[in-house]
Amino acid sequence: MTKKLLSFLLLGLFVLSLAGCGLLFPNKPTEGPTTQPTTQPSSQPTTAPTTVPGVERTIDFELEETGGQTEYSLDPTVLPNRPTKNPDASYTYNLASNGLPTAWNIHTYQSNASTLVLDYCEDSFYTFDFNEELNGYRILPAMASQMPVDVTEDYVGETWGIAQGDKGKAYKVTLRHDLKFEDGTPIKAVDFVESVKWLLNPQAANYRADSVYSGSFKIVNAESYFKGGTYAYGAFVSAAYGEDEYVYPTDWTYSEEGILQCNGKDVAIKVGTLGNWSPSATYGLERYAQAGYFGQPRTVVTVGEGEEAQEFVKYASEDLETVVWRTMEVVGEGEEADYVWYADNEGQPDLDNEVVVTDKPDSYYLGDPDEDDDAVAIAWANCPDPESVYAILLSSQDEKGYIQLTEELVKMVQDCVAILHGFEDVEAYAEDSGDYAYVEFEEMAFLGSTYEEVDFETVGIKVDPEDEYSIIFILEKELTGFYLNYSLCTSMYLVDTTLYESLIGESQGVYTNSYGTSVDTYKSFGPYKLTYFLKDSQITMEKNAQWYGYTLEENANNYWTTKIVVKQVEKASDRLNMFLRGSTDSYGLQAEDMNDYQSSDYTYYTEGDSTWFVAINPDFAAYESMQADAEPVTPGNKVYKTILAYKEFRMALSFSLDRANYALTLDPLGGVAKAVYGNMIISDPENGTAYRTTEQAKDVILKFWDLADEVGEDGIYETKEEAIESITGYDLAGAKTLFEEAYNKWVADGCISAQDIESGNWEIQIMIGQPGSGSSAYYNDGYVYLGRVWADAVTGTPLEGHLTFKQSAPLGTTDFSKYLKNNTVDVLFGVGWTGSALDPYGLMEAYVAPNYQYDPAWDTSSTMLDIEIGGYTLRASVFDWGKSALSGDTIKALIVEDGVLTNDYVMIHCGTTCKPEIRLDVLAAVEGAVLDQYDMIPTLLDASATLKGMKIKYGVEEYVFGVGRGGIKYMTFNYTDDEWAQYIANSDNLVDGVLPYKK
Amino acid sequence: MYLLKYISKRLALMLVTFFIIVMGCFVLVKLLPNIPAEQFGKDMEVILARREKLGYNLPIIQQFWRFLKYAFQGDFGVSEQLYIGSEVWQIFVDKLPYTVAVNVYSIFLSIPLGLGLGIIAAIRKNKWQDHLISTGVMIFVSIPSFIYGFIVKYLLCYKLKWFEPLMDASQGPWSFRAFETMIPAILCLSFSSIAGFARYTRAELSEVLTSDYLLLARTKGLSRQQATIRHALRNSMVPIFPMILGEFISIMGGSLIIEQMFTIPGVGKLYINSVQATPPDYNFFMLDTVFYTFIGLFAGIIVDISYGIIDPRIRMGAR
């Protein structure tokens with residue numbers, strides 16, 4: 001008996017193992033069904049309304065040459081009115097954190113927690129410090145002795161790819177001569193160069209290696225050195241639309257394997273990228289295919305005759321092998337006629353080895369899911385016509401998604417491009433456009449090759465031959481001003497190379513390095529050094545006597561802290577208790593603490609750079625489809641969703657949200673969001689100007705909240721700031737009116753039958769998505785809150801009692817937006833985009849580019865936006881302004897005169913070399929356009945609150961971007977350690993046994 | 001001879017079971033979806049290159065053999081998620097003493113108290129002492145240890161201020177400072193063990209105290225105390241001792257909640273953290289699997305064999 005049981009167990013495990021290896025059955029699709037997008041993106045300029053050719057006019061939008069680097073005042077910042085420290089006393093800064101770093105090797109770290117050690121124990125060439133007015137930042141030298149010097153002209157030549165006259169491609173950073181590691185080992189330029197060499201060690205595949213070859217600070221040949229000997233895809237065949245970049249068919253060659261080669265490199269495309277058509281877009285032919293561009297004409301079989309006739313369309317399954325059929329019928333007449341796909345076993349074509357669709361229109365099963373465990377669900381979106389060129393391309397992808405182009409596939413890609421231009425195939429396109437038709441695909445084709453193994457000597461970082469304390473950086477792309485200095489606010493991955501080398505090992509045949517995992521495996525070169533580390537328990541850092549900064553006169557009264565002790569305490573209540581008893585000097589307030597401490601004199605609020613939205617994707621057709629399948633909340637009701645596509649309805653949802661109350665209920669730390677961007681977004685990094693303080697940004701808010709006419713002598717508010725401050729976002733009466741307007745329009749459009757209205761058995765059902773794993777109080781409480789608020793808001797309107805809500809299953813923590821994009825859920829809340837605090841221009845892409853938009857149903861390429869620039873009213877699509885122009889691509893904007901669109905145009909971009917005022921005008925206008933859709937309704941601003949201990953005092957009271965409140969450098973102490981111990985031991989200083997931090 | 005054969009058979013079965021569990025866990029954890037390389041916002045090639053080097057692209061069976069090959073050499077790999085760059089075995093060994101310490105103290109407290117209370121309850125069966133102890137036992141057996149955690153921390157640490165609420169591990173797991181600050185955690189872990197030992201001892205001893213041979217012992221002139229200690233207690237220990245042994249071996253399993261509540265840097269959370277990491281920390285997960293599976297299986301064998309050693313009348317494997 002035991003043997004039999006064991007045998008079964010073994011057999012089960014064996015089968016499981018095979019299944020895991022994919023040997024038993026093919027992988028099931030992991031994604032759910034997706035609906036076809038209703039919009040088709042276009043990065044092409046809007047065409048003129050008539051065929052009369054227009055005249056190009058010019059606007060002076062380019063920033064004038066400034067003649068080089070910004071001049072910086074290098075005088076050290078000295079904060080006024082500070083107490084003087086006792087040089088003999090000890091000042092310990094005690095902290096408790098819910099997680100401690102487990103490793104802080106700067107070449108490999110992945111977790112933000114690692115920065116706890118790096119921030120205190122490492123230094124950088126340059127650093128952010130307060131400006132002279134203490135209300136902003138500036139960048140000052142730290143490990144460097146002066147600002148970087150442009151030495152581009154010294155490196156002109158083919159070796160470095162620098163042409164005569166180039167600027168901003170090579171820099172010299174001169175180090176201080178008194179830099180040392182914690183053990184006194186001097187630090188010179190060679191240490192930085194060697195460190196970068198270790199960072200780029202091809203054997204290591206270090207996580208941070210790409211920091212020196214991707215992004216704006218791109219060191220020459222760093223990527224080649226790192227990837228030497230490996231096969232990879234790099235630049236596009238035609239990277240800049242340059243005429244000399246195209247390789248014409250006469251010059252094409254094919255490898256022995258039959259792969260097309262240009263200039264000796266393999267040519268490949270990816271269906272998920274548009275290449276140079278839109279380098280940052282993560283969509284490509286795939287999206288056009290889903291929009292039906294390449295799937296037509298499909299194979300259609302008609303069965304039966306006359307009225308009985310049914311048409312079956314041939315599709316391929318995801319594996320492109322099994323053929324399936326589904327039926328369709330035409331519904332409606334004339335212009336309203338449309339195909340409706342449905343499943344039916346009746347009248348199926350009798351064809352061998354082919355499967356007939358028997359399930360829902362949006363997905364189907366191979367096999368019966370009720371009886372057969374092996375039934376495979378397949379989404380229609382993944383079922384291209386097996387005969388289509390796209391399907392064949394798709395089947396040729398390698399595991400990384402690249403399609404190496406054979407002669408046959410080249411023709412297919414050419415045809416795809418031709419189809420996008422409205423031609424049947426490439427030959428037809430060539431008749432119209434000449435030979436360009438044959439090579440246009442090269443703009444989206446990658447060049448693949450084996451990276452040449454290069455010597456580190458060819459990498460653009462080296463010791464200045466004339467000065468052992470100077471490092472030369474040679475960059476692939478020009479970089480100047482703030483972004484250059486910002487890129488150099490790092491230590492350039494400095495490690496103690498001797499120690500680093502000694503820690504290289506091998507485990508399971510793989511390179512390992514344990515640098516930065518303990519006190520013994522790490523060397524500090526910053527203001528503090530690691531003196532104690534117990535995993536998941538405690539970190540202690542003490543002053544690093546070897547740090548040059550302590551010898552500087554300006555720091556005589558800075559860096560009071562002699563020791564930093566951080567303990568890991570996972571429960572917030574324990575951290576609070578420690579703080580209240582004086583064991584720690586800072587505590588990050590939690591939502592549940594806010595009732596007690598939100599008004600405390602010791603509470604400091606810090607706004608983050610994220611805005612959280614209620615997101616809606618108003619796709620009328622998708623709503624129609626979803627409402628047909630939806631189960632009513634109230635049995636017997638008919639479900640409707642299409643009213644969500646009405647802007648008035650979405651506006652009403654917005655106005656019925658009392659944001660302050662919403663924040664108090666769900667996220668007491670959060671602030672009220674009034675626009676797409678919050679107050680921490682910097683629009684002018686060079687000067688540290690916050691976007692929301694600019695006139696353009698203020699005007700957007702006032703216009704959106706209809707307060708533009710209420711400011712000034714005739715208005716309610718004296719200043720714009722006062723008006724903005726008054727905005728709550730809450731207007732219940734207005735919301736009710738809008739609900740009624742939306743309802744009336746909706747009824748008038750015939751979206752609900754008179755029969756249903758009369759019976760009253762109908763509901764507008766809103767499926768609210770639940771990002772995360774299902775345990776989030778924020779999303780669970782928020783669902784209840786929104787349901788209650790919105791249901792109350794429709795009281796007294798025709799929608800009263802007809803608004804119902806459902807909460808989706810947990811959508812996961814990463815890719816939850818796709819459920820809104822494909823309208824599986826109707827609303828997401830508490831979602832948005834984070835990061836890019838210094839680049840709101842680039843971040844705007846997230847709101848207007850279909851591949852990022854939460855609401856791709858909003859076709860930004862067909863929504864026109866007029867902007868006043870240079871005395872002209874310019875019209876282009878929101879996509880062109882927000883995605884292309886702001887990212888630096890030149891767009892064609894048509895001129896509007898007296899409200900009439902002309903054929904005259906202006907070629908313009910709003911990239912980094914555009915005048916700041918024009919950039920701001922465009923950014924603000926696009927922000928206004930995004931807000932005006934009411935698809936992304938701003939609700940909360942990301943913020944945090946901290947209780948500051950009585951023992952310490954921040955450098956400044958107001959938070960400054962980049963510098964905070966002065967950090968450890970400017971923090972002072974009200975008590976020495978001894979004094980503090982006495983203070984908290986004295987019961988007179990306590991209330992109920994704890995320090996009195998409550999208001 | 002029988003015992004030797006029995007042990008050999010059990011060991012062989014243990015190895016087969018061990019292999020099956022380890023292989024099953026390996027396959028299952030590898031079947032969990034990995035994060036697509038694109039989602040790191042990094043150069044995808046870097047992520048893919050690392051995965052290639054780690055053998056993630058091999059068929060799972062090949063990866064398993066690769067794991068076995070290195071595991072037999074004592075190389076369980078390096079952490080790729082939780083403690084990047086550190087050898088998982090070293091991390092495990094570093095943290096294990098903290099878990100062992102708190103559990104050893106807990107058992108040393110539980111055994112005398114549990115046995116003592118059980119003996120009192122058995123001797124004073126159906127008296128008020130028995131009722132009091134049995135009621136207490138029922139309560140403490142039923143309540144999970146983390147509930148004691150809240151009560152102990154609030155009452156003894158914050159209200160009465162007898163103990164520090166969090167462990168101070170800075171002087172090592174076996175230091176007095178560690179012991180002193182571990183007391184609340186030790187108490188929490190001990191309550192259910194004490195109750196368990198007491199209940200079991202009471203039941204066994206009660207049965208023995210009413211047996212014929214104990215009556216004989218009394219009739220031949222032994223006092224109640226002599227009969228209880230020399231005969232009853234010793235015989236009742238036959239089933240109790242393996243239970244104590246099992247507790248000792250399982251102490252390395254750790255206590256996830258208690259360790260977290262009292263900030264004990266032990267191994268309790270490693271297992272769950274390794275599988276919750278995205279992507280999972282495969283090497284940690286497999287080391288934990290190997291370790292705990294082995295401990296569990298080995299404990300079973302030791303307990304079984306101990307029956308025969310404690311009571312020579314029990315002959316394992318005899319027909």
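Two residues are in contact if their C-beta atoms, placed from the backbone, lie within 7 Å. The model is predicted, with local features needing pLDDT of at least 70 and side-chain atom pairs counting only at pLDDT 80 or more, whereas totals for chains, interfaces and linings use all residues. Residues are numbered from 1 along each chain as its sequence is written, and chains are lettered from A and ligands numbered from 1 in the order in which they are written.

Chain B holds 12 helices and 0 strands, where helices (H or I, at least four residues) and strands (E, at least two) are DSSP runs numbered from the N terminus. Its C-alpha atoms fill a box of roughly 85 × 60 × 30 Å along the principal axes. Among contacts between residues at least 6 apart in sequence, 73% join residues at least 24 apart. Of the 319 residues in chain B, 35% are buried, meaning that 20 or more other C-beta atoms lie within 10 Å of the residue's own C-beta, again placed from the backbone.

A friendly example to follow is helix H6 of chain B, residues 145-159. Its 15 residues reach 20 Å from first C-alpha to last, close to the 21 Å expected at 1.5 Å times one less than the number of residues. H6(B) bends by about 30° at Val152(B), the angle being taken between axes fitted to the seven residues ending there and the seven starting there. Val152(B) is also buried, as are Ser145(B), Tyr148(B), Gly149(B) and Lys153(B). The cover over these buried residues includes helix H7 (176-209) and helix H10 (256-261) of chain B. After H6(B) comes Lys161(B), with a positive phi near 60°.

Key:
A residue is buried if 20 or more other C-beta atoms lie within 10 Å of its own, exposed if 12 or fewer, and partly exposed in between; C-beta atoms are placed from the backbone.
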